[in-house]
Amino acid sequence: MSDWKKICALGDVPVLGARVVDSASHGRIAVFRSASDEVFAVLDKCPHKAGPLSQGIVHGNTVTCPLHSWKIQLEDGQVVPPDVGCVKHFATRVTNGEVFLAL
Amino acid sequence: MRKLKLVMVGNGMAGVRTLEELRKIAPEMYDITVFGAEPHPNYNRILLSPVLAGEMTIQDIILNDLQWYADNGITLHLGSTVTAIDRNKRTVTAAGKGGETISADYDRLLIATGSTPFILPIPGNDLPGVISYRDIQDTDEMIDAAARYRHAVVIGAGLLGLEAANGLALRGMDVTVVHLSDWIMERQLDRSAGKMLQAALEKKGMKFKLNAHTAELVKGESGRVCAVRFKDGETLPADLVCMAAGIRPNVALAEKAGIHCNRGIVVNDTLQTYDPRIYAVGECANHRGTAYGLVAPLFEQAKVCANHLAMYGIGRYQGSVTSTKLKVTGIDVFSAGDFSGSDGTEDIVLHDPGAGIYKRLVLKDDKLVGAVLYGDTKDGAWYFQLLKDGQDIRDIRDNLVFGNAHLGDVGHKGNSLAAGMPDSAEVCGCNGVCKGSIVKAIKEQGLFTLEDVRKHTKASSSCGSCTGLVEQILASTIGGAYQPADSTSKPVCGCTDHSHGEVRKAIREHKLLSVAEAQAFLGWKTPNGCASCRPALNYYCLSSWPHEAVDDPQSRFINERAHANIQKDGSYSVVPRMWGGLTTPAELRAIADAAEKYQVPTVKVTGGQRIDLLGVKKEDLPAMWADLAKAGMVSGHAYGKSLRTVKTCVGSEHCRFGTQRSMELGVKLEKMLFGMWSPHKFKLAVSGCPRNCAESGIKDIGVIGVDSGYELYVGGNGGIKTEVAQFFCKVASDDEVLEYGGAFIQLYREEGFYLERTCHYLERVGLEHVKKAVLEDAGQRRALYERLLFALQNYKDPWAEIVEDSSGGLHKRQFEIIKV
């Protein structure tokens, strides 16, 4: 059973942007908000060279890592080919305008 | 609704590429049936030479395996030759591989039957051991003959003939190349280059017989060919004869069906034949009088044809300029355009027989129209680009023949000739990619463009300084299939077909004020673009419509969002501005205090005359800025596509040689330009005398004080490509420096493409264009200058903005971490 943690209000995450959550269990997690207000969470660590994904540019449901432009799909943490790899992703939900993260 | 039926005759590169393009834009529109006469799925025909040379296997060169056809729901009939097209009933009939009759109905028919080798009409041309060089079967036969026989004769010393001869020689055969003309590859090379190439190939063991008219192929006792007899009576022993004397568009089927043909199936700019339901692409098609025998134009045709099959109805194929590159390991030959030297053309020739280098450039009306390179082809791609773009080369004429690398792209010196490089040689110094990995990726993944290579190998995808080298490797691996994109019409990124120029124009003419508005207006293909196009669009909106366009922080790279430079470990660096490189004890004290308070691990003096605090945590940035602000310091924009610094020397304030007050002018310039966003970073320098201690020669704008005033230089660059700034003008006063310099900057801000430094901008538009706008037309100069000042007025220090945060906290929140 995962533990749902309240993170912040949806409005505190910029559209096509991210916030950094520091969790005791997993370290830093990047929480993203898409243009259509979907919320995703992945470990804030690019599988390439550990770049902070939270700082990347968000487009569609994908983020481009700020260090070397790897692209990561936010729904499942998979790296967009031809690069290969994946990053741990976490379940999220938005209830009454509050963002929750399953840890 | 019933799906339309598309039938394709021919299963080669041009046809299948069209299907691939079609699946991308209209995957559900057609039920597709493909007939291929060969028993193989689509393979990379241009790589048959390496297969023959024993460098690759058939399996390596398959482009679309059977699974691909299955995955895309395509019905594939292999080994099936189409025998008739009934245009009234709209059906095609084919003889299947078991002899059975297959027929298929069509709503649209795509003919991609390619070409057939020209067989000399001489006695004995049908003997066993006489082959052409076109497909896998020919290649297999040649490999087989090489294992059993000794003498081979190749008829025709064109690209294909020489590659065949090279492969056979490598497989141990004694090869003579027979050719009708005076020198080899006469359609691609001039005499000098042809003779040099011949000498190099002779060193590899090939023999040549030129001016030779073949009269007959002689039958031996076994029934197989045994010799070639010439018109002069001479004979040459031959157990294998390979005819490579040219190709003919394969039009028999189309002609039989009554479709208009004339040295190829005649098509219009949409690749449509005279029957509007029938299209033709590839080597079988005749477009505006040309049937192309190289791969690159076929890909362009495929794209346009797919667009019309998908009923989008946009895009025209307007013909291609082609280039050729011989794929013989260790030999570099390149040619492009027209070098026959017609009326009104001029030649620039560099010939160094000792070094084995020959370059001939053909110019007409200050434009490059043809190029032949032998021995040193590293600039081939660059010449080809100049040629395709039709760029005016007046300004660079005196250096043209030395190529664009003569001043040095740093990072891979000593490795300028791709063909001679060992596989282990590093090509891309940023990402550590060696030649072998690039060649492997090109072959195994079937890559054709620089973009593909960048995506798959990362080579040339960071600083780009090895781009020429990568293009050269690409060209030597795939030969004539290589086609650089038009630099001026290249789409911004995969999200759109529009070029930078078109996007800029639309934003200006239709007053588009935000990234989202521009994307909607221009029909962006992706919902919110990507990390390449969004920053560009944001800049174009802001620079076109200052104070009106909406800046979108989320469309800016993190450095411009966080107003600091991200480092490899995710920390940031902070560079406070020091106007003109000047500082005070109080500022230095504030910097020292901040460095200690926030435990900055590294403090470094930068090349732009200020201090860099490296390794700051993002969450500490606003507090650190607030501390620095107390000493009156503001952002140095060391992170932005914006004004960086104005470097100065001491000047006449102190220096015994100084002629002008360079520090004072530097501070004036920097204050004027504070907060200026530009297509790329922008650096200036002011030196007080021609000793030039501030290094004005390698800045976007360099000012040099002389006794009577100032000299202005533009377009210098000390980065990847060291580029010396060009003299722009001489002015008398500080105010004129601001006005002339400001006008130049504004022109660049309005016309430059995103991520184009001034040196590349000038290379594209020409210094003359800029001089005309800024120097010759005083009215335009003042207007430009005023537009610059208008755009910059009321700019507020971004650090102070975030510290004060009038946005309701959202700006500041990006620096806060949520703990759970």
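This is a predicted model: local features need pLDDT of at least 70, side-chain atom pairs count only at pLDDT 80 or more; totals for chains, interfaces and linings use all residues.

Mentor: Gladly! If we set aside neighbours within four places in sequence, B:Val241 is in contact with B:Gly129, B:Val130, B:Val153, B:Ile155, B:Leu217, B:Val225 and B:Val228. B:Val241 also belongs to the largest nonpolar core, which has 145 residues. Within that core, B:Val241 is one of five residues that touch the most other members, together with B:Val154, B:Cys242, B:Ile265 and B:Val281. Helix 8 of chain B, residues 295-309, supplies the largest share of this core, with nine residues. Apart from this core lies another one, of 90 residues, and its members include A:Leu16, A:Leu74, B:Ala518 and B:Tyr713.

Now follow chain B to a sheet. Five strands form an open sheet in the order 21-22-25-24-23, with antiparallel pairing. Strand 21 (323-325) and strand 23 (345-352) are its edges, each pairing on one side only. On average, neighbouring strands here are turned by 15° against each other, direction ignored. Look next at strand 24 (residues 357-364) and strand 25 (residues 367-374) of chain B, which pair in the antiparallel sense over seven bridges. There you can find B:Tyr358 standing opposite B:Tyr374 of strand 25. Finally, helix 9 of chain B, residues 380-389, packs on the sheet and touches strand 21, strand 22 (333-337), strand 24 and strand 25. The direction of helix 9 makes about 160° with that of strand 25.

Conventions: Residues are numbered from 1 along each chain as its sequence is written. Chains are lettered from A and ligands numbered from 1 in the order in which they are written. Two strands pair if DSSP finds at least two bridges between them. Helices (H or I, at least four residues) and strands (E, at least two) are DSSP runs, numbered from the N terminus. Axes are lines fitted to C-alpha atoms, for helices over the stretch in contact, and angles run from 0 to 180 degrees between N-to-C directions. Two residues are in contact if their C-beta atoms, placed from the backbone, lie within 7 Å. A nonpolar core is a set of buried Ala, Val, Leu, Ile, Met, Phe, Trp, Tyr and Cys residues joined through C-beta atoms within 7 Å. A residue is buried if 20 or more other C-beta atoms lie within 10 Å of its own, exposed if 12 or fewer, and partly exposed in between; C-beta atoms are placed from the backbone.
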